[in-house]
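Welcome! Please take a moment to look over the sequence and the model before reading on.

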2 protein chains.
Amino acid sequence: MAKDKKQPRPKAETPKGFRDYFGADVTERKAMLDAIARVYALHGFDPLETSAVETVEALGKFLPDVDRPNAGVFAWQEEAVPGGGSGDWLALRYDLTAPLARVAAQFRNDLPSPYRRYAMGPVWRNEKPGPGRFRQFYQCDADTVGSASVAADAEICAMLADALEAVGIARGDYVVRINNRKVLNGVLEAAEVREDQADDVLRQIDKFDKVGREGVLSLLTTGRRDDSGAEIEGVGLSEAQAKPVLDFLTAKGGENGATLDNLRAAVGGSTIGAEGVDELSQIAAMLAAMGMNEDRIVIDPAVVRGLGYYTGPVFEAELTFEILDEKGRKRQFGSVAGGGRYDGLVERFTGQKVPATGVSIGVDRLLAALRAKGLTGAEASGPVVVTVMDRDRMGDYQAMAAELRAAGIRAEVYLGNPKNFGNQLKYADKRAAPIAIIQGADEAARGVVQVKDLILGAKIAAEASLDEWKSQPAQTEVARGDLLAEVRRILG
Amino acid sequence: MAKDKKQPRPKAETPKGFRDYFGADVTERKAMLDAIARVYALHGFDPLETSAVETVEALGKFLPDVDRPNAGVFAWQEEAVPGGGSGDWLALRYDLTAPLARVAAQFRNDLPSPYRRYAMGPVWRNEKPGPGRFRQFYQCDADTVGSASVAADAEICAMLADALEAVGIARGDYVVRINNRKVLNGVLEAAEVREDQADDVLRQIDKFDKVGREGVLSLLTTGRRDDSGAEIEGVGLSEAQAKPVLDFLTAKGGENGATLDNLRAAVGGSTIGAEGVDELSQIAAMLAAMGMNEDRIVIDPAVVRGLGYYTGPVFEAELTFEILDEKGRKRQFGSVAGGGRYDGLVERFTGQKVPATGVSIGVDRLLAALRAKGLTGAEASGPVVVTVMDRDRMGDYQAMAAELRAAGIRAEVYLGNPKNFGNQLKYADKRAAPIAIIQGADEAARGVVQVKDLILGAKIAAEASLDEWKSQPAQTEVARGDLLAEVRRILG
């Protein structure tokens, strides 16, 4: 007879690459997303929350995120049960765009057209986790589906600028930059770059940030030697072909008008190029009409991220203030959002091309930026802790906490074993409590409470002499009826 | 040679049992959960957002939800890749309690003790979908881990009552009822019910709501014939054994004091029973001290849901107002939240018993209740739609929308093909727009705009005569500079 084997204890561990969010991690992100949602709603965008699970078939392969090209999905097969599971392969969504495509096709007869929607929520990627790279993370998208007008692109850019200010980024600390894939196509056409070379060109100009004008010139023509001494093959363009591409990348002038003139020159006689420049020109005019000055949103052909994926206007929001990197060097904070115009969103499902444009905010990056600027944390303060001196008088302590809460003050009664008072103060410390309330039998008999200012107390403990410390100015005795007033006084 | 086969188009469908949430579905639930979160935070509870994915090992089988006893999980095996996937089985969380157990064990040295946390988010169940039964749904939990004190239970009940009022349920429209598993244990002990009969007794008293005192008496003793004529076997207790059980179920008196007296009688000389009654008595005293009257929270031994799962105090929140069911009959809305005290939460992981108590609000049910009472929907109004008469003047239209938004009014420009003006008004209708703004070349030249009150317009269209309709009082021409003032006037 087989004996029951005792099950070993399970490990209490988050799966590799996943994490939990505690307290302020949750509230700070929520406050940021709430502020963004208010801006999106004000612009007529409606929230959409799709299911986390999609059929693998509907999900397809549509990853726009060039940073994670090999990202896989978490997928499993349903049991095929009559009346139950379908035998379909299901998967967790890897972004918020693929579900939008499915929704736009599935509900095309019910949704308004154009359909403006925003979505915020977790997505999952089955890929190798690394430092700061998790397998579940938040995305925050806004898209307009069904409008071919560049007015939709202009609106998205304006909304993005407003959203950054709404979360606390000051004007001058960010810039939204706009480019256009059609202009690049025009430049390639003007330079007589062969179609089979286009992808290589895109790959090389993507390095413009790192290697500069001369570096890209080498990469587009005969190749170059990188810092490690390795030979990198060039695309094989002539210098004459490479020139308009470089002129495009460096076309930014002192203001949009000058930039547009430079772009017109770069695209030569190309029809698609002229169309792209016209689009940028219209966008610039619309932004001006909306009161969006060039210190907030500017045309900048050096924006190359996403040019390979998007089909028309491309945008990127950058934070321009400096932070210290892990090595203590100053650097610009950099990109926190990107987007552009894309086709084929719904086409996979219906065969019909539906124009769409949208933006995705990097939730973790933007939150990190707010933290770096000290723009979060107001909500993170701990509760007033009512300590327990006499466990038979829990009702009295709970009444104190209830009174504080009724006045809108975060408060709780210590609920652990009250025997060791030191543990109660350690608990209050761990809770980041600003105040502890103390009432023993003696105080209760005299109708008073002790109110301990823990923030002042910590300051005194760190700075004061023994005599000063003994005089305990951080602790006050007040009449029970004055408890709320005293707490209010300390909290300021 | 194999020819490339054209891939068939994927179906644009939500997987079976999953759904999407649009617009007000999202904002109304969010507003409700935000209000609840504010109450929880005020009580010193901190948010916790665990990853959606857990190892199957950590998740275990711990389903407290007696309504869904056969619920499975969505699970898959990781690829075992050196430095990458672990070969572990992973699964989507099926509730918020199992992840809390894992977190409480994993972070036991870092978390404050007691640890008060709330959690809100989707959970997933791999079970047969049905009408109103989805495979992804929201839960909203609050738990205190590490406190053996019934003060923690009292606090949870008080917080639950406050949360119901915070979302808009009026005092008198709800009641939180408290029972205690220990009292039932005492009753069973007093009645000399054998241990192997206890589960059967629990199963039968669970039917008290449906079959009443006489029905349960039969079920506990010799059995009964149900409405269909089928014979149901009894537990086999004597009438003398069944009596204290029935006395327990019907122990509720005119006020808590009387109920406690009845319970003391029902448990006879049982020690565990006396302990249970004492706990209820302490909870009643604490609630009174917090100013929680018995019209909000009351001791009621007829609460039997969850008695099989919980180990001490058990609570349930019921909405007492009547709604019409699908057959047009009046019935009480019923339960929207439940909880209680449980052991063994962390024990699976560490071997240590950690006492815990908590409550779970049925998010979908509570939201349905708010809708039934007309307590949602304020946020659901559509944007002002600025129509496009002249596509060369998009900047002008966008400036109008920007001006309204700067004043906090939701507004958007029509971004579809502007050729057919009727389509624009149909679009505004689909968007539930309260106002449409119209400015053609003629109006632009005269410096005016037409402001169309769509809500009044719809009313007139439904009620007015042709002459009245022709006079179009729902449309006003104002100077461009008065646009904002006129929109404000109409929106009231």
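The model is predicted, so local features need pLDDT of at least 70 and side-chain atom pairs count only at pLDDT 80 or more, while totals for chains, interfaces and linings use all residues. Residues are numbered from 1 along each chain as its sequence is written, chains are lettered from A and ligands numbered from 1 in the order in which they are written, and side-chain values use heavy atoms, with hydrogens and water left out.

**A bent helix**

- Helix α7 of chain B covers residues 208-220; helices (H or I, at least four residues) and strands (E, at least two) are DSSP runs, numbered from the N terminus.
- The end C-alpha atoms of α7(B) span only 11 Å, whereas a straight helix of 13 residues would span 18 Å (the expected span is 1.5 Å times one less than the number of residues).
- A kink of about 80° is centred on B:Glu214, where the bend is the angle between axes fitted to the seven residues ending there and the seven starting there.
- Among the buried residues of α7(B) are B:Phe208, B:Gly215 and B:Leu220; buried means under 20% relative accessible area, exposed over 50% and partly exposed in between, with a 1.4 Å probe and protein chains only.
- The buried residues of α7(B) pack against α6, β9, β10 and α8 of chain B, contact meaning heavy atoms within 4.5 Å.

**A buried strand residue**

- B:Leu90 sits in strand β5 (residues 89-92) of chain B and counts as buried because its relative accessibility is 1%.
- The contacts of B:Leu90, leaving out residues up to four places away in sequence, include A:Pro15 and A:Phe74 as well as B:Val53 and B:Trp76.

**Backbone features**

- Most residues other than glycine have a negative phi, and most peptide bonds are trans.
- In chain A, the peptide bond from A:Ser113 to A:Pro114 is cis, with omega near 0°, and A:Pro114 is in the loop between α3 and β6.
- In chain B, a cis peptide bond joins B:Ser113 and B:Pro114, and B:Pro114 is in the loop between α3 and β6.
- B:Glu192 has a positive phi of about 55°; B:Glu192 lies in the loop between α5 and α6 of chain B and is exposed, at 65% relative accessible area.
- B:Ala432 has a positive phi near 55°; B:Ala432 lies in the loop between α14 and β17 of chain B and is partly exposed, at 49%.
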